[in-house]
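Hi there,

Here is the structure we talked about handing over. Please have it open while you read on.

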Amino acid sequence: MWEYRYRDNSEQGRPQRQITLSTVDFPTEAAVWRHLEALVWKLNTSAPLSVTKQLTFGALCDLFIADEQLEEIAKLKSGERNNYGGLRVSTARGYLQIINNRIRPQWGETKLNDVKPAEVAGWLKRMDCSALTKAHIKAVLSRLLKKAMLWGLIDVQINPMSLVEVRGVSRRRKKPLVLTVDQCVSVRESLPEPYRTMVLIAQCTGLRVSEILALKWNDVDFGRLSMRVSRAVVRGVVDEVKTEYSEDDLPLDPEFATELLNWKRRCPPSKDGWMFPSPVTGRPFEPGTIQHSYIREEGRKLGLANVGWHTFRHT
């Protein structure tokens, strides 16, 4: 095994700490140093910039993962709440996948100052994946380099990734489906509860499905005819709303509020007071199953292709 010893400057008396690593996972000393690179940088944050500039891109990835708490957020399970105050679960998992499967294998051992825009552009061009995936990879690279500038690892400058072009990334290719009033009614009224009321909320408010499924009864003020939107459920994890502008009080039409009251009388009780608790788990539903098995199927009966949750938001 390997043993790395250091003084902990964050505690009084600077006690000695040690980290033990297996030679099975790290067969060479060089592999050990690569693994410890981010830690060593943290221990020597007062070192001159000329020293910290020698960090590899892999160490930058480690620092970014720790700073954004990507691994902690990504490990959240269904029913748990994201209290880390940073990224959403889906975003954290996406970042980790791109960093570990794409960026680290290619650039992990390259020094920060040696990652050149032209080389990145050539690498992306040769990559066998969609243009959209390449754009996502470029976006993560850009965010990593922004952090490097923030931490003083590289000089504050124009982000090198802004010079990299990814061609073939198309915007919306076709006009989004917008339903007529009759189509809205036909789709909604053919659905069983609680899906009917979920779709009613989507049609009347334009909320994202993640926000609809995260509603609780204490979010609704029937006296003032308003609804508070403050959370979202993504892959079973309760999170904050997507943007700060999404958190707001929505006014409720009286007839719409009456529909909600009718559902409240029939709503199964749940520990946390969810507006739409699953009868199986007592927690929010999974939106994909509802869309595939109910909403999309009813759309097909009306001759409409690909009716989904976002269709109501567009409408």
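Below is what turned up, beginning with the backbone and moving on to the rings.

This is a predicted model, in which local features need pLDDT of at least 70 and side-chain atom pairs count only at pLDDT 80 or more, while totals for chains, interfaces and linings use all residues. Residues are numbered from 1 along each chain as its sequence is written, and side-chain values use heavy atoms, with hydrogens and water left out.

On the backbone, E193 and P194 are joined by a cis peptide bond, with omega about 10°. P194 belongs to the loop between α8 (181-189) and α9 (195-205); helices (H or I, at least four residues) and strands (E, at least two) are DSSP runs, numbered from the N terminus. R14, a residue other than glycine, has a positive phi near 50° and sits in the loop between β1 (2-7) and β2 (16-21).

As for the rings, the whole structure holds eight aromatic pairs (Phe, Tyr or Trp rings, six-membered for Trp, with centres within 6.5 Å; planes under 30 degrees apart are stacked, over 60 edge-to-face, the rest tilted). One of them is Y4 with W33, edge-to-face at 5.7 Å centre to centre and 80° between the planes. This pair links distant parts of the chain, Y4 in strand β1 and W33 in helix α1 (residues 29-43), 29 residues apart. Ring pairs also link Y4, Y6 and W33 into a cluster.

Best wishes
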